[in-house]
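Hi,

Here is the structure I promised to pass on. Have a look at it first, and my notes follow below.

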Amino acid sequence: SISVEAMTATLLAPPDEIIRLSGISWKTYETLLEELSDRRLRLTYNRGNLEIMAPSPEHELNKRVLGRFIETIAEELEVNIYPLGSTTFKQPKLIGVEPDECFYIRNIAAVQGKRRLNMAEDPAPDLIVEIDITSSSQNRLQVYADLGVAEVWIYNGESLVIQQLQNGTYIATQTSQFFISLPISEVANWLQRSTTIDYLALVKEFRLWVRSQIQK
């Protein structure tokens with residue numbers, strides 16, 4: 001077996017590197033969560049399989065911009081949201097995951113103000129963001145389905161795909177159930193501008209685009 005100390009020593013990987021391990025106990029996963037809490041690493045646990053990813057600057061930029069876009073859309077459509085970022089969601093001894101960004105929309109009242117969430121009692125986030133430029137989100141989609149996440153937005157650097165949970169399986173769709181009036185797939189065009197334009201200027205232009213779509 002591999003000790004936690006030995007595993008931790010191998011995690012000084014270059015950005016975008018993904019480490020996948022099998023046969024990992026729930027106790028080891030929880031120990032790693034605690035010991036790696038101060039590092040920029042994402043851990044996904046699914047029934048003994050552990051994936052550890054070190055996000056790149058490109059990944060982090062797109063995560064931040066898309067999260068801000070969702071907040072902007074919600075503002076303009078007057079939709080209440082409750083952002084919980086990369087909160088760790090767990091079903092003990094089975095699954096654990098840290099999304100890039102997550103938002104409560106329908107279930108805000110059930111979690112607002114809570115310092116800790118218990119997935120045995122509390123609902124999962126309604127909307128999750130996955131930046132999938134250098135890795136596959138397929139492993140995490142199964143975990144999100146098990147948690148009951150209603151919708152996942154996946155951006156791969158070129159396109160933005162909306163996955164909606166239907167009968168325990170994600171189905172790709174063109175529209176968001178939370179922001180029905182907007183052509184969400186077109187948001188990818190704005191994300192691609194994130195490296196060529198000032199961040200706040202981009203948000204301002206994006207807001208104007210959202211307003212123009214609403215007026216249609």
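**What I found**

Strand S10 (residues 160–166) and S11 run antiparallel and are joined by five bridges. One of the pairs there is Gln 163 with its bridge partner in S11, Ala 172. Strands here are DSSP E runs of at least two residues, helices are H or I runs of at least four, and both are numbered from the N terminus; two strands pair if DSSP finds at least two bridges between them.

Before going on: this is a predicted model, where local features need pLDDT of at least 70 and side-chain atom pairs count only at pLDDT 80 or more, while totals for chains, interfaces and linings use all residues. Residues are numbered from 1 along each chain as its sequence is written, and side-chain values use heavy atoms, with hydrogens and water left out.

S10 and S11 belong to an open sheet of six strands with mixed pairing, in the order S4-S7-S8-S9-S10-S11. Strand S4 (82–83) and strand S11 (169–173) are at the edges with a single partner strand each, so one side of each has no neighbour in the sheet.

Now for helix H5 (residues 138–147). Val 143 counts as buried because its relative accessibility is 0%. Leaving out residues up to four places away in sequence, Val 143 touches Thr 44, Tyr 45, Asn 46, Ile 95 and Val 97 (contact means heavy atoms within 4.5 Å). Val 143 and Asn 46 are 97 residues apart along the chain, yet their C-alpha atoms are separated by 6.7 Å. After H5 comes Gly 148, with a positive phi near 90°.

Cheers

Methods. Buried < 20%, exposed > 50% of the residue type's maximum accessible area, 1.4 Å probe, protein only.
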